[in-house]
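Please open the model in your viewer and keep the selection tool at hand.

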Amino acid sequence: EALSIRRKSQGDDHPELIATLWPLAWVSREQGDLAQAESLRQQVLSLSRRRGAYGVGTLLDTMRDLADLLRVQRKFAEAERVLLEAVDFLQQEPAAAAPFRRDVLERLVGLYDSWGQADRAAEWRQKLRSADEKPACP
């Protein structure tokens, strides 16, 4: 109901909508409704991309959580697409995204392990080791 009220009063494109969608997605996930949680996270991601709402942290947190939801549902290719987009973002915004770098790379390794793609997991493990050796910013 809160979501409906917020959409009516502020519209579907208002950045504050994230403040309603985020906890609803979490509750859906906790209740085992992964499809609903995925849908809500997709909406948060869409808003974050369009509006830059709440900054880098929200965008990357949403990408990580959405990728986890997809992985748990065995939607490996979709999870890969989201995590690779996060990697691209890490490269575009290295200073702002630095706190998320290791976690995103670890999730990619975990995804490939879950997916049974040992070669890809090994490739990203190596990238993770290389990233640990380099500073996040020049």
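Select Arg125 and Asp113, which form a salt bridge (a side-chain nitrogen of Lys or Arg within 4 Å of a carboxyl oxygen of Asp or Glu) whose closest N and O atoms are 2.6 Å apart. Arg125 lies in helix H8 and Asp113 in helix H7, so the pair ties together parts that are 12 residues apart in sequence; helices here are DSSP runs of H or I with at least four residues, numbered from the N terminus. This is a predicted model, in which local features need pLDDT of at least 70 and side-chain atom pairs count only at pLDDT 80 or more, while totals for chains, interfaces and linings use all residues. Residues are numbered from 1 along each chain as its sequence is written, and side-chain values use heavy atoms, with hydrogens and water left out.

Next, select Glu80 and Arg120, a salt bridge with its closest N and O atoms 3.6 Å apart. This pair links distant parts of the chain, Glu80 in helix H5 and Arg120 in helix H8 (residues 118–133), 40 residues apart. Glu80 is buried at 17% relative accessible area, whereas Arg120 is partly exposed at 26%; buried means under 20%, exposed over 50% and partly exposed in between, with a 1.4 Å probe and protein chains only.

Within helix H7 (residues 101–115), Glu106 and Arg102 are four residues apart, about one helical turn, and their side chains meet in a salt bridge of 3.0 Å, N to O.

Then select Asp61, Arg64, Asp68, Asp103 and Arg107, which a network of salt bridges links.

Finally, display the whole protein chain, which has eight helices and zero strands, and whose structure holds 12 salt bridges.

Key:
Helices (H or I, at least four residues) and strands (E, at least two) are DSSP runs, numbered from the N terminus.
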